[in-house]
Amino acid sequence: MGARLLTTSMTVLVIALAVSLFLCVEKLRTSAKSSFTNTISGTDLIVGPRTGSIQLLLYSIFRIGDATSNLSWTSYNLIKDHPSVDWSVPLSLGDSHKQFRVMGTSKAFFEHYKFRQDKSLLFREGNVFLDLFDTVIGSDVAEILNYSVDDPIIVSHGLISLVKHENAPFKISGVLEKTGTPIDRTVIVKLEGIEAIHVDWRGGAKIPGRSTPIDKIRSMDLTPKEITAVMIGVKSPLEIFSLQRVINRYEREPLMAILPGLALQELWEIVSVAETALLAVSVMIVFTALIGMMASTLSSLNERRREMAILRSVGANPTTILSLFVCEATITSLSGAIIGFILAYGGLAVAQPLVDAKYGIWLSISAPTLYELYFFLTVITSGIVVSAVPAIKAYRISLADGLTVKL
């Protein structure tokens with residue numbers, strides 16, 4: 001009895017772990033997709049140099065990769081002044097601070113950038129940049145580098161360059177609240193600040209022997225000549241596609257305008273193969289656990305021959321024996337599925353703040369979805385189905401065979 005209890009408990013545990021793994025993978029997949037989708041909201045178009053729509057989205061919003069070229073400030077002004085444009089936010093990328101990206105922009109960024117549908121950026125301490133060399137940092141930057149308001153920051157030239165703009169240090173004016181977006185890992189400065197630290201640079205290299213004093217830099221015209229991308233909001237949703245066509249046909253330089261939602265959809269279509277493979281592996285693990293339950297039951301049949309023979313001798317018919325095996329499989333798979341759900345949701349509750357802090361992915365914990373309930377019923381049904389083989393074999397064991405001692 002003890003050995004049988006241990007075997008059954010291990011079978012239930014294996015099913016529970018398999019179900020828990022499937023649910024965790026599914027929650028992580030949907031939560032990651034939701035986090036990507038909610039990274040930017042309320043922005044109608046993203047404009048940049050002509051390239052792939054996914055590439056433009058990744059480097060301008062998610063800080064993944066780098067731009068191959070820039071768009072001119074003249075073109076930006078023409079686009080900004082278009083009658084359909086309600087607001088615009090210029091973005092300038094290319095430099096870094098340690099492992100974090102530096103982004104040049106205007107104060108309009110803090111007014112118009114939205115995430116998770118309609119949430120705005122909030123300050124944990126300090127406020128928006130005022131001085132030329134002020135900077136606002138994301139929560140991850142502050143936490144990892146142990147920064148706070150008034151601490152100095154020295155920007156490095158490029159993404160992996162060891163050359164630093166030490167002659168023009170920035171000072172932290174504000175630290176943002178956690179957003180769960182790439183903003184958490186971004187150092188935000190004024191567009192003019194980006195121009196200021198590159199006064200003594202030409203063609204991506206520092207001019208030998210030249211070091212312009214900060215006071216003189218402050219008196220210069222620091223209007224950017226080029227920027228990386230532009231976030232645009234239109235006055236009416238009906239004007240989005242017409243403005244997109246105007247920008248895509250722009251003759252002064254090759255530009256493109258993308259809809260963030262459509263670009264994200266393209267991105268998920270690309271990674272859908274990996275999603276499907278991950279889900280397939282999880283499903284196979286669940287069915288492997290169920291097959292293991294069947295194998296365990298089959299291996300115990302010879303030990304339970306006398307048990308079944310005694311049941312037959314007191315009046316149990318073969319159908320009763322079959323029903324007992326099916327009930328055992330049902331209870332085993334049901335117990336495993338329930339424990340798996342408990343393990344999955346308990347694990348998600350523990351991992352939620354950790355994953356949010358580390359990767360910016362908010363694991364949604366809500367009531368089981370219809371899809372998850374279907375999966376729950378499928379596991380139980382599959383457990384009953386795979387129990388048919390040992391149940392039928394037990395059904396065929398005769399009373400005489402059960403009472404016969406085999407040497």
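Q: What is the relative accessible area of Asp131?
A: This is a predicted model, where local features need pLDDT of at least 70, side-chain atom pairs count only at pLDDT 80 or more, and totals for chains, interfaces and linings use all residues. Residues are numbered from 1 along each chain as its sequence is written, and side-chain values use heavy atoms, leaving out hydrogens and water. Buried means under 20% relative accessible area, exposed over 50%, and partly exposed in between (1.4 Å probe, protein chains only). Asp131 counts as partly exposed, its relative accessible area being 30%.

Q: Which residue forms a salt bridge with Asp131?
A: A salt bridge puts a side-chain nitrogen of Lys or Arg within 4 Å of a carboxyl oxygen of Asp or Glu. For Asp131, the closest N and O atoms are 2.9 Å apart, and the partner is Arg218.

Q: In which helix does Glu372 lie?
A: Glu372 pairs with Lys27 in a salt bridge, with the closest N and O atoms 3.5 Å apart. Lys27 sits in helix H1 (residues 2-37), so the pair ties together parts 345 residues apart in sequence. Helices (H or I, at least four residues) and strands (E, at least two) are DSSP runs, numbered from the N terminus. Glu372 itself belongs to residues 370-386, helix H12.
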